[in-house]
Amino acid sequence: MRLSTVVVLAGCGRFGFGEVPSNEDDAADPDAAVVTLECDPNPGPDTVALFGFDADLTMDASQQQVATPVGAVATGSSTRCGSGSIELAGGHVRVADSPGFDLDEGSVELFFRAPTPALDQAILSRDANGTTLHGHFTIGLSVEGRLWVRIQRMGDLAMFRCTGPIPADQWMHVGVSFGPPGLRLWLDHVEQTGRFVDLFGSTQDCSLPHTFGIAGNDNVLAIGGSLVLAADADPAPTPVSPFGGSVDHLHVRSTWRDFSRF
């Protein structure tokens, strides 16, 4: 199997090196499965939702969740897993609220690909306006090209994890785990910590401890925008900070995972 090496400016100052399989000859290589386990299309016992975005953009392989494409959403010709991805150009996918998302502990992984951002963007969000409820959660991309994760619990400051500037127009794997073992972020299987300046000009320390999950609210999950301005429990919110890229293989689990391993 031929491997292409990806160089990532990681950890807001560290360099990480991750290997991803080339699309050219993986199919004929019996060892390819060792590298592409992260693309497993089969739900496991801890799966809350698994969207492969292949034939049907609304299909959850675990058959537990309901998704609705809204606006400019299409099946992408570029893919990292399977035969398709979701391509977002101002539209989003709304996944209805479900008790399965009330996770005191869990993990989220996905692949994304995006051009250099002109504005702050949100890739994934289960959020709302205000701080009266627990578990607000967003994965975003800053205008300076840093991937970040935000999680908030009532009475606490919002906690962040972030990366250094990342390359544009390249498929990258994101893994986030939260709960008692701690909030942690991996980019291409390299753990990320550091600082970044948020949309409001505040410097966020991405290394502060945080041991809570995303339980405590009834907000929908939006793929392709932020719900930071939405009303709590709005079943059809309008996201802001739309994501202008592609997403593939979104997997939400009820277990904390170490994404430094495939």
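Predicted model: local features only at pLDDT ≥ 70, side-chain atom pairs only at ≥ 80, totals over all residues.
User: Which strands sit at the edges of the open sheet of seven strands?

Analyst: Let's walk along the sheet: its order is β4-β7-β18-β9-β10-β11-β12, and the pairing is antiparallel. An edge strand here pairs on one side only. That leaves us with β4 (67-70) and β12 (159-165).

User: And what does the twist average from one strand to the next?

Analyst: We're still in the sheet that runs from β4 to β12 in its order. Going from one strand to the next, the twist averages 15°.

User: Which residue in β12 is the bridge partner of I151?

Analyst: Start with strand β11, which covers residues 146-152. It pairs with β12 in the antiparallel sense, over five bridges. In β12, the partner of I151 is M159.

User: Which residues have the most contacts inside the largest nonpolar core?

Analyst: This core has 41 residues. Strand β13 (residues 172-178) gives the largest share of it, four residues. For the most contacts inside the core, look at F112 and I139.

User: Is H136 buried or exposed?

Analyst: You'll find H136 in strand β10 (residues 136-141). Its relative accessible area is 0%. Buried means under 20%, so H136 is buried.

User: Which side chain makes a polar contact of 3.0 Å with the side chain of H136?

Analyst: Leaving aside neighbours within four places in sequence, H136 has contacts that include R126, D127, R150, N217 and D232. One of these is joined to H136 by a side-chain polar contact of 3.0 Å, and that's D127.

User: What about T138: buried or exposed?

Analyst: T138 lies in strand β10 too. Its relative accessibility is 2%. The cut-off for buried is under 20%, so T138 counts as buried.

User: How long is the polar contact between the side chains of T138 and S125?

Analyst: Beyond four places in sequence, T138 is in contact with A122, L124, S125, D127, W148, V149 and R150. Pick S125 from that list. The polar contact joining the side chains of T138 and S125 is 3.2 Å.

Technical notes. Residues numbered from 1 in each chain as written. Heavy atoms only, no water. Pairing = 2+ DSSP bridges. Helix = DSSP H or I, 4+ residues; strand = E, 2+ residues; numbered from the N terminus. Axes fitted to C-alpha atoms, helices over the stretch in contact; angles between N-to-C directions. Core = buried A, V, L, I, M, F, W, Y, C linked by side-chain atoms within 4.5 Å. Buried < 20%, exposed > 50% of the residue type's maximum accessible area, 1.4 Å probe, protein only. Polar contact = N/O pair within 3.5 Å; in protein donor to acceptor, adjacent residues only side chain to side chain. Contact = heavy atoms within 4.5 Å.
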